[in-house]
Amino acid sequence: MTEFEPVIIGLTCNWCAYAGADLAGTSKIQYPPNIRIIRVMCTGRIEPEFIFDAFRMGADGVLIGGCHLGDCHYQEGNYKTALRVSITREVLKSLGIEPERVRLEWISASEGKKFSETVKSFIEEIRRLGPNPLKGAPEA
Amino acid sequence: MQIVWTSTLHSYMPIFVSFLHPLQQSQFLFYCCLISLSSLHAGKALNRPILRFQSSSWVRTVSRTGKSRGPEEPRIGVFICHCGSNIADIVDVKEVVDFASKFPNVVFAVDERYVCSEPGQALIRENIRKHKLNRVIVASCSPRMHETTFRKALEAEGLNPFLLEITNLREQCSWVHMHEPRKATQKAKVLVASAIAKATLLEPLTPMKFSVTPAALVIGGGIAGIQASLDLANIGFKVHLVEKTPSIGGHMAQLDKTFPTLDCSACILTPKMVDVSRHPNITLWSYSEVESISGFIGNFKATIVEKARYINKSLCTGCGTCASKCPVKTIPNEFDLGLGTRSVAYIPFPQAVPLIYTIDKENCLYFTKGVCRVCEKTCPFKAVDFNQQDKKVEIEVGTIVIATGYDLFDANRKPEYGYKQYKNVLTNLEFERLISAAGPTGGQLVRPSDGRAPKKIAFVQCIGSRDILTNPYCSRVCCMASVKQAHQAKEKYPDAKVFVFYIDLRTFGKGYEEFLWRVQEEGVNLVRGKVAEIYRKPKDENLTVLFEDTLLGQTREMDFDMVILAAGLEPRVDAQQIQKALKLSMSPDSFFLEAHPKLRPVETHIAGVYLCGCAQGPKDIPDVVAQASAAASQASIPLIQGEVVSEPTIAYVDKELCCSCKICESVCVYDAIEADETDEEKRAKVNEALCVGCGSCAAACPARAITMYGFTKEQISKQLAALLTEPT
C-alpha cells in the first residue's frame with residue numbers, strides 16, 4: 001500500500017502569507033508539493049463555506065495564512081478570520097471532522113522559512129490524522 | 001462516520017443551533033456565529049429560492065437570476081512560461097501544455113521561454129488576435145511580480161486587462177519542489193486547471209480614477225528626509241517634513257568628518273538644513289510626530305502632533321537668553337550622547353534648524369516644583385509660554401516618503417566589551433562628538449576618565465553586526481567609519497598607536513579602498529581578529545583587549561588607553577509606529593521592506609508610500625542621498641500625473657438579494673458600505689472610492705448579496721474543485 005499523501009488547500013492573503021510563500025520560493029526553501037494555494041486579498045475574505053467546500057470536495061487539510069495580528073493590510077481582516085475559523089472548527093467537530101484539519105497561521109512577507117516549516121508540520125499532522133473522513137462518502 | 005455528508009449544509013441547521021447556545025455569552029462571538037452560520041445556510045442554494053433567518057422581518061425570498069458572466073463564451077489562451085530554466089528544468093512544461101489544451105474552453109495553449117519578454121508578450125498579443133481569445137492565463141512567476149506587465153499586453157489588444165489570470169509555477173511550485181520534478185509537474189497541472197476554472201468566470205472590470213492631492217509628506221528630518229523634501233519641493237510640490245526632535249539634521253549632524261573625502265559633515269549638511277527652512281514649498285514640522293495616517297495613494301490624510309515647546313516659535317529669535325539664564329544647566333545633552341550638558345531651555349546644537357529653543361518639561365523647575373520662571377522673565381521677546389499645549393494638525397497629501405533613519409546598536413547588549421562599565425570605552429558615535437569642534441570637548445580627543453590624551457587607541461569592529469547573537473547583517477558603514485576615525489586619531493596625535501580589530505574590512509564604495517591604503521600608510525595597524533573581551537585596569541582605567549589574531553592563529557592580549565566600539569545600525573524602535581499606521585511590511589532584519597529588492601527599491605507594497613535612507617537598511621551618506629532623490633522622484637510621479645487609478649477588484653451589492661441586515665456595514669472598517677438612504681428598503685450600497693477590496697463584507701453577508709470582484713464565491717469554489725481533482 002502506498003503512503004497516504006494528504007492534499008492540503010492553502011488560503012492565503014496577498015500581502016503576508018502569499019508573499020511569505022513567494023519568499024520561500026525565491027529563497028529556494030523546499031517543502032513537499034502537497035499544498036495547493038488559492039490567493040485572496042485578505043483572509044477576511046475567507047468564508048467558512050470555502051473551508052467546508054474544500055473538505056466536501058476531498059481536501060485533507062486547509063491551511064489559512066494571514067498577516068500577524070495588528071499587521072493586517074486591511075486593519076482587522078485577520079481578527080475576523082480568527083473568529084470565523086474558531087467557529088468553523090467547532091462546526092467541523094460536530095460534523096465528525098477533526099478540527100485540527102484547519103490550521104490558521106500568521107506568516108509575514110518576510111517569513112519564507114516559517115511558511116515552509118508550517119507547511120511541513122501541517123502535512124505531518126494531517127498524515128497522522130489520516131485521510132479526510134468524508135472521502136468516499138456518497139454525495140446526497 | 002455517523003454523519004452522511006450532503007452537498008448542502010442546509011439540513012445541519014439543528015446541529016449548528018445546538019452549538020450556538022453556549023456561546024451566546026459573548027455578543028461579538030455570537031455575531032460572528034451568525035455570520036458564519038448564515039453564510040453556511042445560504043450555502044449551496046445558488047439557483048433556488050433562499051430562505052434566511054427565521055425572524056419575520058428578515059425573511060426575503062428571491063432567486064438569483066442568471067447574470068451574464070463575462071463578455072461572451074470564454075475563449076481561453078494558456079501561456080506557460082519556462083522562465084529560462086527556472087520552471088522548465090523542474091516542471092515538464094510540454095506535458096502541462098497538453099493537459100491544459102484538453103479543457104473545453106481552452107482554444108490555445110503554448111509554452112514559451114520567457115513570456116514576460118518582448119517576444120513573449122508579442123506571442124500573447126498575436127494569439128489574442130488570431131484565436132479571438134477573451135481570457136488569458138499566464139502560468140509563470142508570482143502574480144505579485146508581473147501582473148501589471150501582462151495586463152498591459154491584454155490592454156494593447158483591446159481586451160479588458162482584468163480578463164487575465166496568473167498562476168504561480170515558479171515561487172510556489174518549481175522553486176520549492178526542486179527535487180520532485182514528477183510531483184511538481186502534477187502540481188503545476190492542478191494549478192493551471194485552477195486558473196482555467198477561475199478564468200471562465202472572470203469579468204471585465206473598469207478601474208476608477210481619483211485625483212491626487214499635489215503634496216507630499218516626508219517623515220524624518222535626517223539627511224534622507226532633507227534631500228527628499230528639497231527634491232520634491234524643487235519639482236514644485238508642497239512638502240510637509242515631520243521631524244520628531246527639536247531640530248532637523250539627524251545622525252549626520254552629529255558626525256565630525258565624512259569618509260572618504262573628509263568633508264566636514266556640518267559644512268555640507270547645514271546649508272541644506274537652511275534650504276529646507278527657507279524653501280517656500282516646505283512646511284517644517286519640527287518637534288512633531290505623525291500620529292495616524294489614513295486614506296490611499298493620492299489621498300492620504302495624516303494627523304501630526306506638534307509637541308509643546310513652551311516657547312512661542314513665531315516670537316523666538318534663538319538669542320539663547322533663556323538658556324543662559326536657566327539655573328539648571330546640568331542636563332546630559334542628548335545630541336552629545338550625554339558627554340556634554342545643556343540647560344533645561346535648549347537647542348540641541350548651535351546650527352539647529354529651526355533655531356527655536358525648547359523647554360524640557362521633565363527637568364524644568366517650574367513644571368516639577370512650581371518655582372523659577374526665570375526664562376519667562378528674562379526673554380527679551382516674551383516668547384516663553386508655559387501654557388502651550390500639544391497641537392494636532394490634519395494634513396492631506398498625495399504621497400508619503402519614509403525616512404525615519406536608524407538607531408545605533410546599544411553596546412550594553414554586549415557586556416563583554418565593558419561599555420558604560422569602563423569610562424574609556426566609547427562608541428563610534430561618541431567618538432564623533434568628542435572629535436567634533438562643536439562637541440563637548442571643543443574637538444579635544446581626550447579620555448573621559450582623566451582628560452588625558454590617549455597614546456594607544458583600539459577600534460573594535462562589528463559590535464552588534466555580523467553576530468548571530470544580535471544582528472546577523474553587516475551594518476555597512478562601521479568599517480569605513482572606524483578607518484576614518486583611526487585616521488583622525490593619527491592626525492591629532494601622530495605618535496599615538498592606533499589599532500583596528502576587524503573580521504573583514506569592507507571598503508566597497510567609490511574611493512574607499514584607496515582611503516584604506518592611505519590610512520595604512522599613515523601607520524594605522526589593522527589586525528584581523530574578533531575581540532573576545534575587554535578588561536579594565538582599576539589603577540589607571542587602562543584597558544586590556546583580548547582577541548584572536550586569526551592571521552597568526554594566536555589568542556593575544558594588548559593594552560590600550562581608549563577603546564572605540566564600532567556599534568552597528570539597527571531599525572529605529574519607534575519605526576513600528578509608522579509600520580502599524582501604514583501596514584508596511586518589514587524585512588527579516590526589521591528594517592522596512594521595499595517592494596522589490598532590485599527593481600522597485602524605493603517603493604513599498606503600499607501604493608504611494610516610498611522608502612529612503614537607513615529606514616530601509618544600513619547605508620552610508622552617498623547611498624542615502626541617492627536613494628532619497630530616487631524616492632522623491634518616485635513620489636513625484638503620481639503628483640505629476642495628477643490622477644491615480646484604483647484597483648477595480650472591489651465589492652458590489654446585488655440589491656435583488658440584499659436583505660438590509662446591515663451586517664456588512666458593521667464589518668467594514670473603511671465605512672465603504674452602508675445602507676443606501678435613497679433606497680426605500682435601505683439596502684446596502686458600496687462607496688467605490690472608499691472600498692479597498694478586502695472582501696470582509698462579502699464573507700459576512702448572510703444573503704450572499706455581495707460580489708467581491710476578482711475573488712467571487714463562484715470563482716473560489718471552482719478553483720477549489722479544480723485543485724481537488726487529480727490530474728490525469
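Predicted model: local features only at pLDDT ≥ 70, side-chain atom pairs only at ≥ 80, totals over all residues.
Good morning. I begin with an open sheet of five strands in chain B, which has the order β20-β27-β21-β22-β23 with parallel pairing; two strands are said to pair if DSSP finds at least two bridges between them. Strands here are DSSP runs of type E with at least two residues, helices are runs of H or I with at least four residues, and both are numbered from the N terminus. At the edges of this sheet stand β20 (425–427) and β23 (525–528) of chain B, each pairing on one side only. On average, neighbouring strands are turned by 25° against each other, direction ignored.

Residues are numbered from 1 along each chain as its sequence is written, chains are lettered from A and ligands numbered from 1 in the order in which they are written, and side-chain values use heavy atoms, with hydrogens and water left out.

Within the sheet, strands β21 (residues 456–463) and β27 (residues 562–567) of chain B pair in the parallel sense over five bridges. B:Ile463 has B:Ala567 of β27(B) opposite. Helix α13 (residues 428–435) of chain B packs on this sheet and touches β20, β21 and β27 of chain B, where contact means heavy atoms within 4.5 Å. The direction of α13(B) makes about 90° with that of β20(B); axes are lines fitted to C-alpha atoms, for helices over the stretch in contact, and angles run from 0 to 180 degrees between N-to-C directions.

Chain B also holds an open sheet of four strands, in the order β2-β1-β3-β4 and with parallel pairing. Because β2 (106–112) and β4 (164–168) of chain B stand at the edges with a single partner strand each, one side of each is left without a neighbour in the sheet. Strand β3 (residues 135–140) of chain B runs parallel to β4(B) and is joined to β4(B) by five bridges, with B:Val136 opposite B:Leu164. Helix α4 (residues 118–130) of chain B packs on the sheet and touches β1 (76–81), β2 and β3 of chain B.

I turn to local features of the backbone. The peptide bond from B:Phe259 to B:Pro260 is cis, with omega near -10°, and B:Pro260 is found in the loop between β8 (257–258) and β9 (263–264) of chain B. Another cis peptide bond joins B:Val353 and B:Pro354, with omega about 0°.

What remains is the interface. How many residues does each chain bring to the contact? Chain A gives 65 residues and chain B gives 71 residues. The area buried between them is about 6,300 Å², and carbon and sulfur atoms give 64% of that area; buried area is the accessible area (1.4 Å probe) that two parts lose on being put together, summed over both. A:Arg36, A:Arg45 and A:Leu95 supply 11% of the area that chain A buries against chain B, more than any other three residues.

The rule finds eight salt bridges across this interface, each a side-chain nitrogen of Lys or Arg within 4 Å of a carboxyl oxygen of Asp or Glu. A:Arg36 forms a salt bridge with B:Glu726, with the closest N and O atoms 3.2 Å apart.
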